[in-house]
Amino acid sequence: MSQIKGTLKVAYLLDMFPTLSETFILNEIIELKRQGLDIAAFSVSKPNEGVIHKEAERLARETYYFDDFRNLSNFNKACIYLYVHSYFIITSPFRYLRGLWFAYTIGKHKYVLSTFRAAVYFAFILKNSKANHIHAHFANSASEYAMLASMLCGMPFSFTVHAHDIFLGLRLIREKIELSKFVLAISSYNKRFIKERCPAVNENKIRVVHCGVDLKKLGVFSSNGNDEKRPFIILSVGRLVETKGFKYLLEACSVLLKKGISDFVCKIVGQGPLRNELEELAIGLGLEESVQFLGPLPSEKVFPLLSQADLSVLSSVVDRDGNMDGIPVYLMEAMALGKPVVSTYISGIPELVKDGAGILVPPEDSRALAEAIEEIYFMDRDGRKKMGLKGREIVEREFNLEKEVKKIRDLFLSPLELDNGHTN
């Protein structure tokens, strides 16, 4: 796609980029570039994972990291802070004092004043990057840096809300929405969640734009049906944390064994703090021959596994802190490859898994999960294919990366504020 005349340059301000579990941000940036926008990535922290997606390697080299500044000596940091704060005091005194007063008046959030100090540095870097717009992912610290930097340099900003960033607390959400050009919610559930808890927010600014998958990229992976000579393959991909509900998937596998269904293998891809606990649970349930923990893998290694699977499962739950999934991209990828899926009635998942594309069960219900897996296990080839085609249709229509990113692109290019726009 040709470059847009008078190219808009968008600064993506992120807490940590790139990360293995947030391919949706990586894919969004790549697709926006393909659609003609100039995107520059700015990350507060460097990733600390040993595995990186192949497509992220180049973008990581081009990303500006605040960590590089934080690692300077205290003297050098103090000198730079003095310079950038003086710059805005001299060149934009009204904006600087407004931002400082704003940070002070909401100082009940203790981090805000220290965030302001760093935001001035970010504002200086962003201003010199020649960006025209700031966009942050997640409604936590990155969006706060974006909000304050916007106040300082006069550049419009927006942000995307996902999951933990709102489910664990709507920090300054009213102020952020009020000062932003627009807000993106990855599900209708998220939009309702914000409105129900903060009735005063301007919901017309919140636009529902789904994360999407690259159907062209997935198209190179053939989707193989079940070969009767091999076991029935169940695949589940996600961080090994409480919200993913892997405990219940293991218990469901144990239920299947007790019912005499033993010719299956459950492959779990991911890394996280619960790995040892889950491996011990698998052994305790007698699943040594039925469950494989494959560790963290980049997408180019996950997709071949997915193409060979017969069923994709994600047994999401609400954790003890109230955190939960949004709409997991893994489920979109599975459905795009025509795989039947089983998941739970959590958050925005019912917006994806619907119309016969899979089976949803109550969270934390191992027996219901086992019954759903069993139903698809005994389904004939045509039944599974029909279910998979339903899923593919939904992804093509509502979770297509190219289409969803075009909505974001159009919002970036819109010269108008969206206060009175149509809601989604």
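This is a predicted model: local features need pLDDT of at least 70, side-chain atom pairs count only at pLDDT 80 or more; totals for chains, interfaces and linings use all residues.
The model contains an open sheet of seven strands, paired in parallel. The strand order is β3-β2-β1-β4-β5-β6-β7. Its edge strands are β3 (64-65) and β7 (206-208), each of which pairs on one side only. At the β3 end, strand β2 (residues 38-45) and β3 are joined in the parallel sense by two bridges. Phe42 has Tyr64 of β3 as its bridge partner.

Helix α7 (residues 141-153) lies across β1 (9-16), β2, β4 (133-137) and β5 (157-161). It runs at about 165 degrees to β4. Helix α19 (residues 401-413) touches β1, β4, β5, β6 (182-185) and β7. Its direction makes about 170 degrees with that of β6.

Helix α19 has 13 residues. From first to last C-alpha it reaches 18 Å, close to the 18 Å expected at 1.5 Å a residue. Its buried residues are Leu401, Glu404, Val405, Ile408, Arg409, Leu411 and Phe412. These residues lie on the same side of α19, because they cover an arc of only 160 degrees around the axis.

Beyond its neighbours within four places in sequence, Phe412 is in contact with Leu8, Val10, Tyr12, Leu32 and Leu37, among others. Its contacts also include His133, His135, Ser158, Lys181 and Phe182.

Another open sheet has six strands in the order β10-β9-β8-β11-β12-β13, again with parallel pairing. The edges are formed by β10 (291-295) and β13. Each has a single partner strand, so one side of each is left without a neighbour in the sheet. Neighbouring strands are turned against each other by 20 degrees on average, direction ignored. Strand β9 (residues 264-269) and β10 pair in the parallel sense over four bridges. Cys266 stands opposite Val291 in β10. Helix α14 (residues 299-308) packs on this sheet and touches β8, β9, β10 and β11. The direction of α14 makes about 145 degrees with that of β8.

Strands β11 and β12 pair in the parallel sense over two bridges. Helix α15 (residues 329-336) lies across β8, β11 and β12, running at about 155 degrees to β12.

Helix α17 (residues 366-377) is mostly covered, with nine of its 12 residues buried. These are Ser366, Ala368, Leu369, Ala370, Ala372, Ile373, Glu374, Ile376 and Tyr377. Their cover includes the strands β8 (232-237), β11 (311-313), β12 (341-344) and β13. It also includes the helices α12 (246-258) and α18. The span of α17 is 16 Å from first to last C-alpha, close to the 16 Å expected at 1.5 Å a residue.

Lys386 lies in helix α18 (residues 381-398). This lysine is exposed, with a relative accessible area of 58%. Lys386 and Gly338 are 48 residues apart in sequence. Their C-alpha atoms are 8.7 Å apart in space.

Most residues other than glycine have a negative phi, and most peptide bonds are trans. A cis peptide bond joins Phe17 and Pro18, with omega of about -10 degrees. Pro18 lies in the loop between β1 and α1 (23-34). Leu172 is not a glycine, yet has a positive phi of about 55 degrees. Leu172 sits in the loop between α8 (164-167) and α9 (173-179). With 7% relative accessibility, Leu172 falls under the 20% cut-off and therefore counts as buried. Asp355 likewise has a positive phi of about 55 degrees without being a glycine. Asp355 is placed in the loop between α16 (349-352) and β13 (358-361). At 52% relative accessibility, over the 50% cut-off, Asp355 counts as exposed.

Key: Residues are numbered from 1 along each chain as its sequence is written. Side-chain values use heavy atoms; hydrogens and water are left out. Contact means heavy atoms within 4.5 Å. Two strands pair if DSSP finds at least two bridges between them. Axes are lines fitted to C-alpha atoms, for helices over the stretch in contact, and angles run from 0 to 180 degrees between N-to-C directions. Buried means under 20% relative accessible area, exposed over 50%, partly exposed in between (1.4 Å probe, protein chains only). The expected span of a helix is 1.5 Å times one less than its number of residues. The arc is that of the directions from the helix axis to the C-beta atoms.
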